[in-house]
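Here are my notes on this model. Please read them with the structure open.

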Amino acid sequence: MRTALILLFLLAIGAIPGSVLPQREVSVDQVTNYYLDNPDISPWLDRFYLFDVYSSPWYAAIYLLLFVSLTGCVLPRAMAHYRAMRARPPKTPRNLERMPYSARFTTDAAPDEVLKQARTVLKGYRTETDAESGPGADATGTPGGGSVAAERGYLRESGNVVFHLALLAILLAVAAGSFFGYRGNMLVVEGTGFANGVPSYDAFYPGHLVDAEDLQPFSFTVDEFRASFIEDGNLSGQAESYVADLTYKEAPDAPEEKHRLEVNKPLSVDGAQVYLLGHGYAPEFQVTNSDGDVVFDQAVPFLFRDTFSFTSDGVVKVPDTGDEDQLGFSAVFYPSEAQNSEGELISDFPDARNPVVTLQAFKGDLGMRSPQSVYQLYTEDMEEIGDSPELRPGDTWELPDGSGTITFKGYRDYLSMQVNSDPARIPALLASTLAVLGLLATLFVRPRRAWVRAKRGDDGRTVVEVAGLSKTDAAWATAEFHRIATGLRDRLRDAPASTPTTAKHDAGTKE
């Protein structure tokens with residue numbers, strides 16, 4: 001158990017980078033932005049898998065060691081608890097006065113009647129009766145006394161065992177999900193669609209036993225997207241809601257259906273969940289070459305710098321211009337154009353109230369023969385040809401040297417989305433529920449033991465001893481044991497005397 005606790009502590013420490021640093025499994029865009037903001041330290045962080053904490057080898061090592069440790073701890077403990085539940089309650093101690101709670105009184109009732117009433121008072125306890133011979137045995141040989149041993153509260157240890165077994169089940173479910181499930185991230189521009197295939201993802205993380213043929217054949221189109229932001233107060237500029245209207249099909253030949261997609265309200269299709277993580281802006285550009293031919297006409301997703309202003313950076317690459325040189329543009333999009341105190345162009349609100357874009361143009365070789373990021377413009381083999389004025393929707397900038405034109409047509413919203421397919425999701429939920437129930441039993445069930453002994457006294461009356469022992473709350477247990485003692489005494493007052501002709505005292509008189 002000590003080893004398991006240490007590993008749990010290490011697992012918690014290992015999860016800290018996963019909650020502080022952006023994770024590729026959640027948002028590739030945030031990782032890309034972190035690379036752009038911290039170009040020196042990011043490669044080192046990536047070398048230690050700190051952008052992929054939960055799929056890293058070192059996190060998996062802690063995870064597997066914890067699983068082995070819990071297995072070696074819980075299974076023997078579960079077997080021991082099973083044997084304890086089948087065993088009889090502990091025998092009555094010789095000296096009950098040493099127990100944390102003890103009481104004694106005398107009664108005219110016979111010992112066997114005392115034990116019978118004791119079993120009634122101890123209803124809910126698991127009881128075992130033992131006969132004890134003594135000086136009070138009568139002429140027929142009936143023992144002169146006996147005792148009842150009682151115990152309850154087994155559910156506390158049962159809850160403890162269930163809790164740890166549920167932890168093992170959760171670990172197994174997570175492991176099964178990593179083998180048979182998959183996750184993928186993508187950007188979908190408003191008005192366009194997505195088909196669930198590996199080429200459609202910007203980042204795809206399949207399970208070890210997942211093939212491309214195993215993906216559910218659904219598709220959807222983003223019909224409309226609406227983002228609302230808080231207008232006034234201290235929270236001005238914060239997102240209030242993201243809502244997307246989707247048209248989807250579970251399979252190519254399935255009928256079309258509608259779904260309203262919101263944050264934490266995913267689209268569930270054939271065991272896969274489509275989540276809305278966030279949104280950004282995709283400015284639309286049209287580029288013509290020196291001959292006036294349209295060589296580029298589409299929306300380009302930009303990465304926002306922060307969620308307060310949504311000032312966004314992007315790159316427009318035009319590899320096929322029909323001319324000798326290719327064109328590239330480094331762009332900044334300001335959703336709500338304003339100026340700061342120094343006269344610099346900024347965005348003062350995340351909503352697109354007054355969109356403006358500025359461009360820096362290059363011509364030459366884009367270097368697209370080798371893999372490169374769509375969010376970066378590699379200008380080593382390119383020549384800068386100028387900076388654009390502020391462009392508003394519909395404005396056109398004529399490029400220097402007669403290289404053509406670029407028109408800012410407007411913008412669309414894009415959705416940052418994630419598809420998550422985990423066949424072990426329901427087993428993990430059931431195991432988590434069992435873990436919570438087991439923990440509640442551990443916290444609120446109070447194990448305790450009680451004993452009642454009855455034996456003949458020298459004067460012929462029956463001496464009754466009641467004792468109790470609790471493993472948790474002593475004050476609460478004392479009250480319950482006192483209730484047992486007084487309840488038994490009250491019942492014995494109405495019980496028939498063992499030898500009516502010789503009884504000289506009222507039943508129930510305390511010593």
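1. Strand 8 (residues 239-249) and strand 9 run antiparallel and are joined by six bridges. Strands here are DSSP E runs of at least two residues, and helices are H or I runs of at least four, numbered from the N terminus. V243 has E262 in strand 9 as its bridge partner. The model is predicted: local features need pLDDT of at least 70, side-chain atom pairs count only at pLDDT 80 or more, and totals for chains, interfaces and linings use all residues. Residues are numbered from 1 along each chain as its sequence is written, and side-chain values use heavy atoms, leaving out hydrogens and water.

2. These strands belong to an open sheet of four, in the order 5-7-8-9, with antiparallel pairing. Pairing requires at least two DSSP bridges between two strands. Strand 5 (193-195) and strand 9 (257-262) are the edges; each has a single partner strand, so one side of each lacks a neighbour in the sheet.

3. The largest nonpolar core has 49 residues. Such a core is a set of buried Ala, Val, Leu, Ile, Met, Phe, Trp, Tyr and Cys residues joined through side-chain atoms within 4.5 Å. Buried means under 20% relative accessible area (1.4 Å probe, protein chains only). F220, F285, F329, L359 and V419 have the most contacts inside the core. Strand 11 (residues 272-288) gives the most to it, six residues. Another core, of 22 residues, lies apart and includes V121 and F481.

4. Helix 4 (residues 57-86) has 30 residues. Its buried residues include Y59, I62, Y63 and L66. Among the elements covering the buried residues of helix 4 are helix 1 (2-20) and helix 6 (154-180).

Conventions
Buried < 20%, exposed > 50% of the residue type's maximum accessible area, 1.4 Å probe, protein only. Expected span 1.5 Å × (residues − 1). Contact = heavy atoms within 4.5 Å.
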